[in-house]
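Work through the two exercises below with the model on screen. Try each task before reading its solution.

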Amino acid sequence: MATGIISGVRKNSLAEAAGINAGERLVSVNGTHVKDIIELSYCLTEEELDLELEGNYVNTRIVHISKLPDEDIGLEFDSAVFDRVRLCANKCKFCFVDQMIPGMRKGLYVRDDDYRLSFLYGNFVTLTNMAERDYERIISTHMTPLYVSVHCTDPARRCELMQNRFAGDILAKLQRLIAAGIEVHTQIVCCPDWNDGEILTKSFEELYALHPGVLTMAVVPVGMTKHREGLAALRPFTPEEAGALIDQVTKWQRKCRRETGKTFIYLGDEFYLLAGRELPKTSWYDGFPQLENGIGLTRNFMEEWQATLKTLKRAKTKAKAIIPVGEGGYKVLKGLMDKLNAQYGSEHEFMPIKNKFFGGYVNVTGLLTGGDLLKVLPKGQRVILPQVLLNSDDFFLDDMSYAEFKAQYEGKVELAKGAAELLHLLLGM
């Protein structure tokens, strides 16, 4: 039976007053066995609640709470899903999980493909493991928007790429959701020779035809690590191929903006950085709807940097700091720091870090590991780590905690979330 593990009880809440404790399991609400926090939110709209709780020794008890219709009772859970996360049924040729190196965070080896996590957190799902009851629930509860990994719309190629003979009907599934009022953000993990070229053109045309039900289409490059033994033969994009793809997509973007006022299709930052091309201007990102997917991260950082500088009227430089970053965005970020140092007479620097943990193919900042940083960062310095290096529990990808990193590094370590926090640390604000 699905139960939700209570991870916290907020102070001065109804749950605390009722004597509910962290570590107990929520079994049911008014007799309904809830499967996730989505269903729970509906159950908790009742004014009179009977919560069935299970303790460490499987002893159950009923706790009664009286509340206002919109009043929060103050419970927190260790997971949004109580009945186990729905796992992926595909064997995609480009799957990043298959390329994971041993010894990383346990959660990174889980191939989630759960529509509930898509609705709640923006996780991308493939729709290949959906039953009729899942569609009925999405539509009846209006779970919108969803985030869908399309990869390509050509049925035969999608089946081949995802190694799932049931993967070819993606357009019909999207059309059903859109007809019911469910909006969708889509992504394509683009692999040279597999779903670029004419296949990508077909995907764009068919997804754009579903706009505005399909809100956006993101194209990100395939990620590769050194750990590919026994996996399909794939290769990364060359700078020339990245440039050609940018030219192709830019034409589509201009068409979309003429017709809808929005760019609709967006490229991952890596394409521009690899090709040595200028990033699109901020307005072309339309508010960065797929920022968490790496779409516009660099441009967003640059804009935040410039906007913050204009507000720092009494800034003064502090001790020199080193900020480790991925090799991909280093050239762009270096220009920002050069101007800052020239203006304030400081010596701060972004330091490009080669991702040896993954074998050198991955060059984004967020996938750097604590171990790689400790090997190359000069000792005795002031280091400011980008917050994106850590998960919500303050662990690097290689399962090193932030506390362990600070203990092992011979120097001062600080954290900065975004450009504004970084500038405040650099300029003593």
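**Exercise 1. Find how many cavities of 30 Å³ or more the structure holds, and say what lines the largest cavity.**

Solution. The structure holds 1 cavity of 30 Å³ or more. On a 1 Å grid over the protein atoms alone, a cavity is a set of points where a 1.4 Å probe fits but cannot get out; lining residues have an atom within 4 Å of a point. Next, the volume: about 30 Å³ for the largest cavity. Points are joined across faces, edges and corners, and the volume is the space filled by probe spheres set on them. Now the lining: Gln-253, Thr-263, Tyr-266, Leu-267, Tyr-272, Pro-280, Trp-284 and Tyr-285. By class, 6 are nonpolar, 2 polar and none charged. Here Ala, Val, Leu, Ile, Met, Phe, Trp, Tyr, Cys and Pro count as nonpolar, Asp, Glu, Lys and Arg as charged, and the others, Gly among them, as polar.

The model is predicted: local features need pLDDT of at least 70, side-chain atom pairs count only at pLDDT 80 or more, and totals for chains, interfaces and linings use all residues. Residues are numbered from 1 along each chain as its sequence is written, and side-chain values use heavy atoms, without hydrogens and water.

**Exercise 2. Give the strand order of the open sheet of 4 strands, and identify its edges.**

Solution. The order is E6-E7-E8-E9, with parallel pairing. Strands are DSSP runs (E, at least two residues), numbered from the N terminus; two pair if DSSP finds at least two bridges between them. E6 (146–149) and E9 (265–267) each have a single partner strand, so one side of each lacks a neighbour in the sheet. E6 pairs with E7 (residues 184–190) over 4 bridges. Leu-146 has Val-184 in E7 as its bridge partner.

Notes: 1 Å grid on protein atoms, 1.4 Å probe; cavity = no way out; pocket = protein on both sides within 12 Å on 5 of 7 lines; lining within 4 Å.
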